[in-house]
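Here are my notes on the model you sent over. Have it open while you read, and check the points against your own view.

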Amino acid sequence: MVRLALFLTQILFAAPQAHNNVDGEYVKGCYLMGDDSLISTLSVQGAAWKYSHVAYEDEKCTKAYLTYQVNYKVKAVDRFIDMTTVETSYTSLTEGVTEALNLINWCGFEDWKTGTPKVVTGLVCDEYKNPDEGEILYSTYQIKAQTPLLMFMGTASSELDGKTPQTRYQMTERLPFVKQ
């Protein structure tokens, strides 16, 4: 009986550790964020986490026009993650958007090319200040162990902006990333 209890305890406590390795590709299907329709992907390879957000002209996410990507170096302990910015970039996906970005000198550039990423780390683009290289976002995440695996990422709240360990995100987004 003692051996059985010990064995069941080991299984119980070992099970969550099976999901410490979250490597893989995740997708958050078409959703609205403000005025934008987005499909977001998260690629996790060890400490290298890459977020890509593709913006669409329509609510059904059929006409892509711009990609925003953030590359992070991540340190994870339990459900807490410290996300250090490595690089941020935008990629214009249509000739019309490329022409518009060049016309307004977006992010301080007038040499945008369709399909070519433009590194914007630390720059201001349309009133949004991209994170600086080395800037850390203190966040959290939760894994729902099912098939397919679901990952819920941390999100800001009115008191918790993720800029320091003390103001680490505690809440998670409602929509998960789904492992592919």
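Predicted model: local features only at pLDDT ≥ 70, side-chain atom pairs only at ≥ 80, totals over all residues.

1. Everything below is computed from it.

2. Strands β1 (24–33), β2 (36–45), β3 (48–56), β4 (64–77), β5, β8 (128–129), β9 (136–144) and β10 (150–155) each give two or more residues to the lining.

3. Which element gives the most to that lining? Strand β4 does, with six residues.

4. Now the packing. The largest nonpolar core holds 30 residues, and Leu42, Trp49, Tyr90, Met151 and Met153 have the most contacts inside it. Two or more residues each come from β1, β2, β3, β4, β5, α2 (95–103) and β10. The largest share of this core is from β4, again six residues.

5. Trp49 is worth a click. Beyond its neighbours within four places in sequence, Trp49 is in contact with Val22, Leu42, Ser43, Val44, Val70, Asn71, Tyr72, Val74, Ile81, Met151 and Met153. Among these partners, Leu42, Met151 and Met153 are also on the list of core residues with the most contacts.

6. Next, Ser92, which sits in strand β5 (residues 80–92). Is Ser92 buried or exposed? Its relative accessibility is 0%, so Ser92 counts as buried. The side chain of Ser92 makes a polar contact of 2.6 Å with the side chain of Thr98. Not counting residues up to four places away in sequence, Ser92 also touches Tyr65, Leu66, Val97, Leu101, Lys113, Thr114 and Gly115, along with Thr98 itself.

7. Last, Asp23, in the loop between α1 (2–14) and β1. Asp23 counts as partly exposed because its relative accessibility is 29%, in the band between the 20% and 50% cut-offs. Asp23 and Leu42 lie 19 residues apart in sequence, with a C-alpha to C-alpha separation of 9.9 Å.

Terms used. Residues numbered from 1 in each chain as written. Heavy atoms only, no water. Helix = DSSP H or I, 4+ residues; strand = E, 2+ residues; numbered from the N terminus. Buried < 20%, exposed > 50% of the residue type's maximum accessible area, 1.4 Å probe, protein only. Polar contact = N/O pair within 3.5 Å; in protein donor to acceptor, adjacent residues only side chain to side chain. Contact = heavy atoms within 4.5 Å. Core = buried A, V, L, I, M, F, W, Y, C linked by side-chain atoms within 4.5 Å.
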